[in-house]
Amino acid sequence: MRSRFAAFRDGDAAWLLASWHPSTRPADLELDEDVRWRGLQIVDTVDGAETDENSVVEFRATYLVDGELGVLHERSRFVREGGRWFYVDGDILD
């Protein structure tokens with residue numbers, strides 16, 4: 001999760017696509033250059049240890065856009081394949 005946040009913060013769409021599970025990955029990804037990602041708070045995790053194949057991460061990510069502070073609150077699902085974690089999808093909360 002932290003590496004995905006860093007990729008959004010740094011505008012690294014290629015890394016985000018590579019870390020997205022092929023079953024749900026979009027064909028391309030255009031990141032909004034006006035959004036400045038500021039902070040990440042992990043709220044909760046379910047599973048995700050070395051022996052787990054699935055994980056859920058609830059997080060809040062803060063951002064600035066046009067001088068306004070916003071918060072993305074999501075519960076994300078991940079799957080491990082070939083020793084790597086892939087983002088599958090998530091539910092926006094609040």
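Analyst: Two strands count as paired if DSSP finds at least two bridges between them, with helices (H or I, at least four residues) and strands (E, at least two) taken as DSSP runs numbered from the N terminus. This is a predicted model in which local features need pLDDT of at least 70 and side-chain atom pairs count only at pLDDT 80 or more, while totals for chains, interfaces and linings use all residues. Residues are numbered from 1 along each chain as its sequence is written, and side-chain values use heavy atoms, with hydrogens and water left out.

User: How do you know that strand 1 and strand 2 pair, and in which sense?

Analyst: Strand 1 and strand 2 are joined over 10 bridges, where the criterion asks for at least two, and the pairing is antiparallel. One example is Asp 44, whose bridge partner in strand 2 is Glu 58. The two strands form a hairpin with six residues between them, and Gly 48 in the turn has a positive phi of about 105°.

User: What joins strand 3 to strand 4?

Analyst: Strand 3 (residues 68-81) and strand 4 run antiparallel and are joined by eight bridges, so they too meet the criterion of at least two. Among the bridged residues is Glu 74, which has Ile 92 in strand 4 as its partner.

User: Why are strand 1 and strand 4 said to stand at the edges?

Analyst: The four strands form an open, antiparallel sheet in the order 1-2-3-4. Strand 1 (36-47) and strand 4 (84-92) each have a single partner strand, so one side of each is left without a neighbour in the sheet.

User: Which strands does helix 1 lie across?

Analyst: Helix 1 (residues 2-10) lies across strand 1, strand 2 (54-65), strand 3 and strand 4, and runs at about 165° to strand 1.

User: What makes the chain as compact as a globular protein of its length?

Analyst: The chain has two helices and four strands, which follow one another from the N terminus as α-α-β-β-β-β. Its radius of gyration, taken over C-alpha atoms, is 13 Å, close to the 12 Å that the globule rule (2.2 Å times the number of residues to the power 0.38) gives for 94 residues, so the chain is as compact as a globular protein of that length.

User: How many of the residues are buried, as a percentage?

Analyst: Buried residues (under 20% relative accessible area, 1.4 Å probe, protein chains only) make up 28% of the 94 residues in the chain.

Terms used:
Contact means heavy atoms within 4.5 Å. Axes are lines fitted to C-alpha atoms, for helices over the stretch in contact, and angles run from 0 to 180 degrees between N-to-C directions. Buried means under 20% relative accessible area, exposed over 50%, partly exposed in between (1.4 Å probe, protein chains only).
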